[in-house]
Amino acid sequence: MTVAPAYQVLAERIRVDIISGQLRPGERLPTEPQLCEQSGLSRSTVREALRLLSSQHLIVTTRGVNGGSFVAEPDAHQLGETLCDGVGRLLTSGAVTSDNFLEVRRMLEVPAAGLAASRRLPHHLDDLERAMFDPEREDLERRIEAHAAFHLAVAAATGNSLLVLVARPLYSMTDPLAVEQVAPLGFWRAVDRDHRALLDAIRAGDVAQAMELARAHIDNVRPAEPLSTAS
């Protein structure tokens with residue numbers, strides 16, 4: 001059995017306190033000498049633990065008279081980037097299959113489309129409109145960008161910021177060259193058709209139709225999905 005280094009053990013203990021809420025955002029951690037005394041570890045080991053926590057965006061450290069280490073405020077952008085990196089590594093390593101990926105998309109997108117139809121506000125419809133693309137005239141980069149923007153706009157229209165955070169990794173890992181090689185123009189025409197139909201259902205507030213269209217969209221793009229994580 002491998003024993004974790006002492007700095008990792010200390011960092012994990014503090015991390016658990018932060019995640020559990022025992023240490024709140026903005027709260028000052030004990031000073032380095034205090035952590036040394038509490039843990040029985042050297043100053044260099046404590047500093048290494050703090051550096052690890054900082055790299056995980058769990059704490060921020062400032063210098064000066066009023067300096068020290070403080071629990072970081074949650075940052076949705078940083079959390080989203082961490083999720084994107086993690087999901088991307090799982091996919092490229094083969095730990096997550098394309099079928100797993102599609103299953104999660106179906107679980108998220110179908111109910112999200114229904115919520116969007118019932119909760120959307122005028123500015124959400126504007127965002128969805130801006131995410132439309134012309135498959136006949138626009139290049140691959142624009143199609144991929146518009147596709148991601150459309151699905152994130154649907155998530156945003158639910159009014160649930162956590163859903164947007166969870167959904168973001170699903171549309172952030174496309175290899176344009178792979179898509180270009182396996183997704184012919186007909187594929188993008190189908191995506192455009194599905195998006196426009198879903199927008200119409202969301203605009204009309206038709207919950208059942210929006211959910212059915214979201215389900216059908218995932219089924220329609222299934223053949224191209226294994227080589228593209230943003231179909």
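This report describes the overall fold and a set of individual residues in a predicted protein model.

Residues are numbered from 1 along each chain as its sequence is written, and side-chain values use heavy atoms, with hydrogens and water left out. Because the model is predicted, local features need pLDDT of at least 70 and side-chain atom pairs count only at pLDDT 80 or more, whereas totals for chains, interfaces and linings use all residues.

## Overall architecture

The protein contains 11 helices and 2 strands; these elements are DSSP runs numbered from the N terminus, with helices being H or I of at least four residues and strands being E of at least two. Their order along the sequence is α-α-α-β-β-α-α-α-α-α-α-α-α. The radius of gyration is 23 Å, well over the 17 Å that the globule rule gives for 231 residues, so the protein is more spread out than a compact globule. Here the radius is taken over C-alpha atoms, and the globule rule is 2.2 Å times the number of residues to the power 0.38. Along the principal axes, the C-alpha trace spans about 65 × 40 × 30 Å.

Of the 231 residues, 39% count as buried. Buried denotes under 20% relative accessible area, exposed over 50%, and partly exposed the range in between (1.4 Å probe, protein chains only). The protein exposes about 12,900 Å², of which carbon and sulfur atoms supply 54%; accessible areas come from the Shrake-Rupley method with a 1.4 Å probe, and for residues only the protein chains shown count as cover.

Contacts are defined by heavy atoms within 4.5 Å. Among the contacts with a separation of 6 or more, 71% are accounted for by residues 24 or more positions apart. As for charge, the mean positions of the 24 positive and 31 negative charges are 4 Å apart. Lys and Arg count as positive and Asp and Glu as negative, while His and the chain ends are not counted; each charge is placed at NZ of Lys, CZ of Arg, CG of Asp or CD of Glu.

Glu 32 belongs to helix α2 (residues 32-39) and counts as buried at 17% relative accessibility. Its side chain makes a polar contact with the side chain of Arg 43 at 2.6 Å. A polar contact is a pair of N or O atoms within 3.5 Å; within protein, one must be able to donate a hydrogen and the other to accept it, and residues adjacent in sequence count only if both atoms are side-chain atoms. Not counting residues up to four places away in sequence, Glu 32 touches Arg 43, Val 46, Arg 47 and Leu 50.

Val 46 is located in helix α3, and its relative accessibility of 0% makes it buried. Leaving aside neighbours within four places in sequence, Val 46 is in contact with Leu 10, Glu 32, Leu 35, Cys 36, Ser 39 and Leu 41. Val 46 and Cys 36 are 10 residues apart in sequence, with 6.6 Å between their C-alpha atoms.

His 57 occupies the loop between α3 (43-55) and β1 (59-62). Most residues other than glycine have a negative phi. His 57, although not a glycine, has a positive phi of about 60°. Thr 82 is found in helix α4 (residues 76-93). Between Thr 82 and His 57 there are 9.9 Å in space, C-alpha to C-alpha, and the two are 25 residues apart in sequence.

His 124 lies in helix α6 (residues 122-130) and counts as buried at 9% relative accessibility. Its side chain reaches the backbone oxygen of Ala 156 at 3.4 Å.

The side chain of Asp 134 reaches the backbone nitrogen of Glu 136 at 2.9 Å. Asp 134 and Ala 210 are 76 residues apart in sequence and 22 Å apart in space, C-alpha to C-alpha.

Met 211 is part of helix α11 (residues 207-220). Not counting residues up to four places away in sequence, Met 211 touches Val 110, Pro 111, Ala 113 and Gly 114. The C-alpha atoms of Met 211 and Arg 13, 198 residues apart along the chain, are separated by 43 Å.

| Residue | Relative accessible area | Class |
|---|---|---|
| Asp 134 | 27% | partly exposed |
| Met 211 | 28% | partly exposed |
| His 57 | 39% | partly exposed |
| Thr 82 | 48% | partly exposed |
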